[in-house]
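Trainee: Could we go through this model together, one piece at a time?
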Amino acid sequence: MHASFINYRNYRYGFSALALCLGAVLAYVIDARREAQSGGTWLGYTLGTVAAVLIVYLALYGVRRRSFRSPSGSASGWLSAHIYLGVATLCIAALHCAFEFGRNVHTAAFVLLLLVVVSGGWGVYVYARYPGLISRQRGNLSRETLLEQLSKLDGRARALASTLDNRIQALVDHAIRRTHLGGGVWEQLRGRDLSAILIPDAGRGAAFAQIVSNEGQHVLIQRLAQEHAAAHDATFDARLQELLEVAGEKAVLVGKLQKDIQLQGLLQFWLYLHLPLCFGLLAALLIHVLAVFFYW
Amino acid sequence: MSDFEFDVAILGGGPAGLSAAARAAQRKLTHVVLESAAKHANTIQQYQHRKHVMSEPGLLPLRSDIAFAAGRREAVLQAWEEGIRKTNAQIRYEAEVTAITGRQGEFSLALKAGGAVRARNVILALGVQGNPRRLAVPGDEFPCVQTGLESADAHQGETIVIVGAGDAAIENALALAVQNRVILVNRRGDFPRAKDSNVTRLRRALDAGKLECVFRTEVNLIRRSPDGSSLPYQIVLRPPEVERVVDCHRVIARLGAIAPRRFVESVGVRFADERPDSLPDLSHRYESSVPGLFIIGALAGCPLIKQAMNQGYEVIEHLSGNPIDPADHPVLEAKLRPLLDGREVDAALSLIQDSVPTFAKLKPLALRELVLASKVVPVRKGRRIFARGEYASSVFHVLQGQVQLETDAGEPMLLREGQLFGEMSLISGRPHEIGAVAGPDCLLLETPHGTIKKLARIEPSVRSYIDRVFVLRALRLMLLPRARAETIHELSTCAQIHSIASGDTLFKQGDPIDRLYLLRSGSVTLSRATSAGEAPVAYCAAGNFVDVAGCTPAVRARTVTARATVAAEALSIDYASFRKLLSSDEALQRKVQVEQEQQLAAYARMKAQPGAGDVLSFLMSNGVGEATNVLVIDELLCVGCDQCETACAQTHEGVSRLDRRAGPSFYSLHLPTSCRHCEHPHCMRDCPPNAIHRLPDGEVFIDETCIGCGNCEESCPYGVIQMAEVPPRVGLLERLLRRGPTEAAKTAVKCDMCKDLKSGPACVNACPTGAAIRIHAEDVVSLARTRASAVR
Ligand SMILES: Cc1cc2nc3c(=O)[nH]c(=O)nc-3n(C[C@H](O)[C@H](O)[C@H](O)COP(=O)(O)OP(=O)(O)OC[C@H]3O[C@@H](n4cnc5c(N)ncnc54)[C@H](O)[C@@H]3O)c2cc1C
Ligand code: SF4
Ligand code: SF4
């Protein structure tokens with residue numbers, strides 16, 4: 001049935017990449033017995049050319065992604081090849097320079113390649129792991145449905161609070177208004193609940209109210225529980241009890257949404273590193289090649 | 001009274017009625033059109049504003065004194081208005097006819113507003129839209145009360161009360177709620193008549209507070225607001241407890257329409273049968289079973305404007321003693337050419353009727369329509385007509401020569417003149433089980449599924465003949481490939497056909513085993529009762545025996561319940577006859593044994609994996625059981641990049657035919673809103689220009705003859721068809737000559753499985769992680785099982 005990009009056609013590209021690396025290592029070892037290896041030997045040039053061609057091929061994945069009529073095979077096949085051959089490229093590039101590093105543009109290109117591969121590796125990890133987490137923790141519901149549920153809970157809380165006294169009504173209202181989802185990139189990625197609540201200072205009245213964190217709806221629940229503890233009449237109590245339950249449900253739901261946003265954010269975030277690094281690599285590669293041909 | 005006496009009275013001022021009136025004026029017949037609405041062509045007036053009206057079928061010439069060409073609704077209506085003026089056609093508006101009495105030469109037509117009209121002949125051109133049901137409460141006649149909505153954009157900042165609980169009410173309410181305050185009034189507590197997709201959209205809008213809905217509430221009356229109120233009218237509602245008064249600008253009653261059938265029957269016209277969509281019996285001159293009373297247009301079964309207009313012209317010509325050939329005559333002549341051989345078209349038609357028993361009892365008009373929708377194809381000897389495993393879109397009749405059907409077991413079946421084939425796939429909706437090869441001098445009549453299904457719905461004789469052929473062939477193919485014809489005939493007398501609605505049972509666990517069932521269309525799940533309810537253990541598709549595993553001599557009662565996942569049909573023979581057959585036929589014994597073993601193994605495998613049953617139920621209840629190809633997304637792999645949707649839009653005029661986010665999920669399997677390419681596509685049921693087709697690989701697609709009527713959108717239970725403005729495809733030459741359509745028309749669009757892309761479905765192809773795949777209903781059990789083991 002479903003086959004992922006990792007085990008596409010039974011690891012076809014994983015094995016190809018492995019074969020490529022093994023071949024390169026073998027050639028390197030054999031050739032090293034003949035002469036000292038460096039980028040400038042016959043083998044060095046060959047491996048360099050192979051690595052450069054591979055890098056260009058890997059970059060073409062970005063083009064394939066956008067050509068929807070392409071007859072060149074499925075995007076998941078391409079991604080599979082992109083990943084395995086990407087790792088192989090790193091190996092070949094290392095052999096190409098015979099592990100000679102310095103403070104120059106050539107090593108810069110290698111370091112960029114390394115970073116691209118590492119960021120890609122992070123991407124692979126994220127793609128393999130997060131969709132499952134997201135799906136499981138959403139529990140068959142879409143984010144839209146969760147948001148709908150949230151607005152329904154808020155509606156119920158407001159309706160319940162309106163039958164209780166003004167203080168509680170204000171409390172619930174503030175808690176709803178300062179419920180915080182998403183936010184900037186950093187906030188999304190950290191996934192912390194930044195919900196707040198405005199609570200009046202018991203002694204000094206409304207003017208001295210202060211905003212405090214309402215993470216996990218804790219403060220709201222605590223305040224409602226305090227009200228509950230102070231005995232009232234039976235209907236009041238029953239409604240308060242219901243309100244408490246709604247607040248509890250909401251805390252769970254907000255947590256879920258928060259987590260969902262965080263995971264979705266993390267799912268995309270690595271790309272913001274991988275892509276610029278890729279372009280950097282292509283530029284460095286060009287300079288490296290030009291440098292080799294003009295100044296050697 | 002002589003000033004009220006006409007040669008002909010025409011009921012209904014739609015395209016058919018107007019064209020008839022214009023011709024009558026030319027022929028100097030005294031005539032009158034009685035139109036119940038205040039404007040001409042009420043059906044077209046009700047189309048969406050600026051709708052592009054199409055002039056299908058393209059091949060058919062227009063024969064009318066009034067002009068008609070494809071174009072905007074407004075332009076079409078204006079052309080007709082001019083036509084009415086120029087030809088001096090006589091129309092009386094707001095003249096609904098409530099009864100017709102008398103007979104040829106002295107009909108009397110009673111008008112709702114009082115009075116009567118007398119006429120020697122009557123033409124019914126009432127269309128099929130029916131008259132909209134009104135509220136029937138005091139104040140119903142105020143101008144603020146309307147029964148339709150021409151354009152939601154025409155209203156802004158109003159308070160609008162909509163009464164009704166069907167799709168029309170919901171769709172209007174949602175469209176108007178964007179710019180108005182809308183209150184939807186529902187007599188009941190839910191929306192049983194509306195489509196699920198509409199109910200879901202409505203619930204979302206209600207939750208978001210976009211509109212208000214009151215349940216179990218009826219309308220008491222409508223009145224003008226007292227002076228000084230800000231809104232002009234008040235509607236008084238009667239909920240279960242207290243009366244509620246709502247100030248409003250407008251009331252829209254969407255209470256459905258009163259179909260014209262009853263009225264037409266009350267006049268004495270006979271219909272082919274009881275079913276609601278059956279047609280009146282008509283002669284080839286459109287005369288009904290009541291002499292002097294003619295029926296034309298949509299009511300006569302011609303669903304398109306051009307046909308309706310042609311019939312209006314022709315019926316008057318007949319009446320004035322000029323029996324002309326119908327406008328489709330040349331088209332028919334070209335079609336029938338291989339059969340003509342010096343004959344007239346009518347003679348060729350009777351030849352077909354005489355030799356083909358399926359159509360023996362068809363009325364002449366219905367036969368013409370049938371042949372017009374079909375193709376007459378000569379096939380060279382030895383050529384394959386269809387191969388085993390191909391999806392079918394037509395049935396065939398042998399007009400001349402021979403055809404060989406190749407079965408697995410036994411001799412090939414030889415078919416001769418008049419015989420029907422391809423009926424198995426017609427009924428099952430599945431690929432052909434057998435191949436067909438042309439014999440010598442083979443000439444075939446090829447009829448699209450849509451046409452023959454519609455005919456079978458409205459013509460009992462066609463239905464029962466096809467069923468009879470099916471039973472005989474199915475018994476031979478499935479049970480007794482080598483038996484003599486008499487044996488099969490004898491067995492067929494005890495065969496029964498059962499129709500089961502979706503969700504109903506064929507038999508229940510514990511029922512005695514008294515019949516052997518062969519599923520002939522749809523699918524069923526077999527389940528066992530557990531403490532937690534029914535747990536599915538198997539899925540059975542059309543073409544298979546249902547629960548033969550349970551049919552061993554030792555077992556007396558069913559061990560499973562068979563429940564239809566979609567509307568299904570089964571053929572059955574009584575179990576005693578079956579046992580008798582079994583004891584005398586070794587080949588059958590072997591076959592049954594193999595099926596029993598397979599089914600038992602399947603039960604056991606499903607039982608070993610408790611989750612698999614749940615996944616199976618989920619997939620079944622979402623239409624996968626009738627899918628030939630459905631998109632399933634694995635949420636464990638989906639990274640939410642929307643490449644699938646982008647790919648779909650990019651390869652289909654910028655409109656994505658799939659909505660990834662929408663649709664249900666279960667066990668991390670997601671079924672996005674996207675076409676299932678159903679075995680029996682519901683969308684094909686009622687497409688006026690027959691614009692929906694299926695290809696041999698199963699793809700269901702809509703071609704460019706779609707007129708945008710929206711029937712298919714309404715019929716699809718999975719809400720996957722959208723009406724969208726797609727820029728017309730204009731060829732280079734046409735563009736250079738500035739010919740062809742230049743404006744985008746709103747037409748039906750849906751997934752066509754990228755039939756024109758060599759690389760296959762773009763959505764699957766573009767998915768970078770392998771999350772999006774397309775599966776067939778047959779893969780559903782293995783999908784359920786792999787899923788149950790992947791997710792715990
Ligand atoms: C949304 C939609 C889009 C369509 N688009 C197209 C298209 O693009 N191209 C195309 O060819 N076809 C199209 N059709 C089909 C087309 O509208 C019909 O085939 C056509 O209108 C049939 O014409 P008619 O004259 O038979 O009936 P109608 O046009 O339905 O006319 C019947 C008339 O009779 C009147 N009437 C009813 N009852 C009475 C009574 N008791 N007394 C007096 N008068 C009465 C009605 O008010 C009405 O004016 C479309 C249909 C729909 C619903
Ligand atoms: S459009 Fe709807 S009814 Fe038609 S084949 Fe697709 S899913 Fe089935
Ligand atoms: S809208 Fe649908 S039913 Fe109507 S003509 Fe187009 S394809 Fe056929």
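This is a predicted model: local features need pLDDT of at least 70, side-chain atom pairs count only at pLDDT 80 or more; totals for chains, interfaces and linings use all residues.

Trainee: How are helix H9 and helix H10 of chain B oriented to each other?

Mentor: Helix H9 (residues 345-355) of chain B packs with helix H10 (residues 364-373) of chain B, their axes lying 11 Å apart at an angle of about 95°. Angles of 65 to 115 degrees count as roughly perpendicular, so H9(B) is, relative to H10(B), roughly perpendicular.

Trainee: How many residues of the contact of H9(B) with H10(B) are nonpolar?

Mentor: From H9(B) come Asp346(B), Leu349(B), Ile352(B) and Gln353(B), while H10(B) supplies Leu367(B), Arg368(B) and Val371(B). Divided by class, the residues of this contact include 2 charged and 1 polar, and the nonpolar ones number 4.

Trainee: Which residues of H17(B) make the contact with H16(B)?

Mentor: Helix H16 (residues 586-608) of chain B and helix H17 (residues 610-621) of chain B have axes that come within 4 Å and cross at roughly 105°, which makes H16(B) roughly perpendicular to H17(B). On the H16(B) side the contact is made by Met606(B), Lys607(B) and Ala608(B), and on the H17(B) side by Pro610(B), Ala612(B), Gly613(B) and Leu616(B).

Trainee: How many charged residues does the shell around ligand 2 have?

Mentor: The residues that surround ligand 2 include Cys675(B), Cys678(B), Cys683(B) and Cys716(B), as well as His677(B), His682(B), Arg676(B) and Lys750(B). By class, the shell has 8 nonpolar and 2 polar residues, and its charged residues number 2.

Conventions:
Residues are numbered from 1 along each chain as its sequence is written. Chains are lettered from A and ligands numbered from 1 in the order in which they are written. Side-chain values use heavy atoms; hydrogens and water are left out. A residue is near a molecule or strand if one of its heavy atoms lies within 4 Å of it. Ala, Val, Leu, Ile, Met, Phe, Trp, Tyr, Cys and Pro count as nonpolar, Asp, Glu, Lys and Arg as charged, and the others, Gly among them, as polar. Axes are lines fitted to C-alpha atoms, for helices over the stretch in contact, and angles run from 0 to 180 degrees between N-to-C directions. Helices (H or I, at least four residues) and strands (E, at least two) are DSSP runs, numbered from the N terminus. Angles under 35 degrees count as roughly parallel, over 145 as roughly antiparallel, 65 to 115 as roughly perpendicular and the rest as oblique. Contact means heavy atoms within 4.5 Å.
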